[in-house]
Amino acid sequence: MIILKSKRELALMRKAGRVVAAALAAVEAAVAPGVKTVQLDRVAAAEIARLGAQPAFLGYHGFPASICTSVNDEVVHGVPGERVLEEGDIISIDIGAYLAGFYGDAAVTLPVGEVGPGAQHLIGVTRIALARGIAAAVPGNRLSDIGHAVQAYVEAEGCAVVREYVGHGIGRQMHEPLQVPNFGPAGQGALLKAGLTLAIEPMVNLGGAPVTVDPVDGWTVRTADGTLSAHFEHTIAVTDDGPEVLTRAD
C-alpha cells in the first residue's frame, strides 16, 4: 500500500524535517578529534528537545540512544558510547525526530579532521549518489529508478552498494511502505506519485558490499572486509514540481 500525504501533512513533515536538519548541524559542529560518540548523542538529544520534538530512535525496537554514530568500517546503527574520535576517522551520523505526529530522518558522513584520499572519495561518491537517487524520485518514474541511479553511479566510481539495508517510506510511522533499495534495474516497482514521502539513504562501501552485524551489541553493522563505509540520507517528498527535500535547513 502506498501512503500519499496531503498538503497539510507535508507541512507537518517539513517541521519534523527541520528539527532533524538542526540536530545534524549541531552534531556536525561538535565532531572533532577527542570527542566521544556519546557526547554527540547528547548534543543531538538536547537540540531535538529544544525544538519541542522527540528523538525517533531512542527505544525504537530497543535501540539505546537518540542517534546512530557509525565510525569507519561501521555502516549503520552504530551505538554511541565511550569511543573517542581520532584524526582521520570518518563518522556517519543518522538522526530521526518525531514532531506533531510525523517523522523526519536524515544522515550524513563527516570527516574527523583531515582524512585520506580513499575516505574523501567515498564521502563524495555517497553524497552524490544520494543526489542522483533523489533526482530520480519524480512522478511517472518507477521505484527502482531511484536505486538504479544510485547503483549505477556508485559502481562507476569503484565503490559498492550495501544490499541488506535500504531506504523506506516515512510519515506517521518511521518505516512505512515502500522499501527503497539502492540497487537494481530501472523501470520496475511501484509508480511514483505526488504526495509519496521516502527516506532515500545510500550506504556505500569502499571495498566489497557484504556486511556483518556486531554479535555483542546486536546493532552495529560493519563491512565484512573491514573497509570504510559512508551513509547519506534525506527524507523527501515526490511532488509535481520535482522532489522536495524535507530534511534540509531553511
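Trainee: How many aromatic pairs does a search of the whole structure find?

Mentor: Quick heads-up: this is a predicted model, where local features need pLDDT of at least 70 and side-chain atom pairs count only at pLDDT 80 or more, while totals for chains, interfaces and linings use all residues. Residues are numbered from 1 along each chain as its sequence is written, and side-chain values use heavy atoms, leaving out hydrogens and water. Rings of Phe, Tyr and Trp (its six-membered ring) pair if their centres lie within 6.5 Å; planes under 30 degrees apart are stacked, over 60 edge-to-face, and the rest tilted. Searching the whole structure that way, the number of aromatic pairs is 2.

Trainee: What kind of pair do phenylalanine 63 and tryptophan 219 form?

Mentor: Their ring centres are 5.0 Å apart, with 85 degrees between the planes. The pair links distant parts of the chain, 156 residues apart: phenylalanine 63 is in the loop between β1 and β2, and tryptophan 219 in the loop between β11 and β12. With that angle, the pair is edge-to-face.

Trainee: Is phenylalanine 63 buried or exposed?

Mentor: Buried means under 20% relative accessible area, exposed over 50%, and partly exposed in between (1.4 Å probe, protein chains only). Tryptophan 219, at 23%, counts as partly exposed. Phenylalanine 63 has a relative accessible area of 4%, so it's buried.

Trainee: Why is the pair of tyrosine 98 and tyrosine 103 called tilted?

Mentor: Tyrosine 98 is partly exposed at 27%, and tyrosine 103 is buried at 17%. Their ring centres are 4.6 Å apart, but the label comes from the planes, which sit at 45 degrees.

Trainee: Which residue has arginine 163 lying over its face?

Mentor: A charge sits over a ring if NZ of Lys or CZ of Arg is within 6 Å of the ring centre and within 35 degrees of the ring normal. Arginine 163 is at 5.0 Å from the ring centre of phenylalanine 183.

Trainee: Which strands stand at the edges of the open sheet of 5 strands?

Mentor: Strands are DSSP runs (E, at least two residues), numbered from the N terminus, and two of them pair if DSSP finds at least two bridges between them. The order is β8-β7-β9-β14-β15, with antiparallel pairing. Each edge strand has a single partner, so one side of it is left without a neighbour in the sheet: these are β8 and β15.

Notes:
Helices (H or I, at least four residues) and strands (E, at least two) are DSSP runs, numbered from the N terminus.
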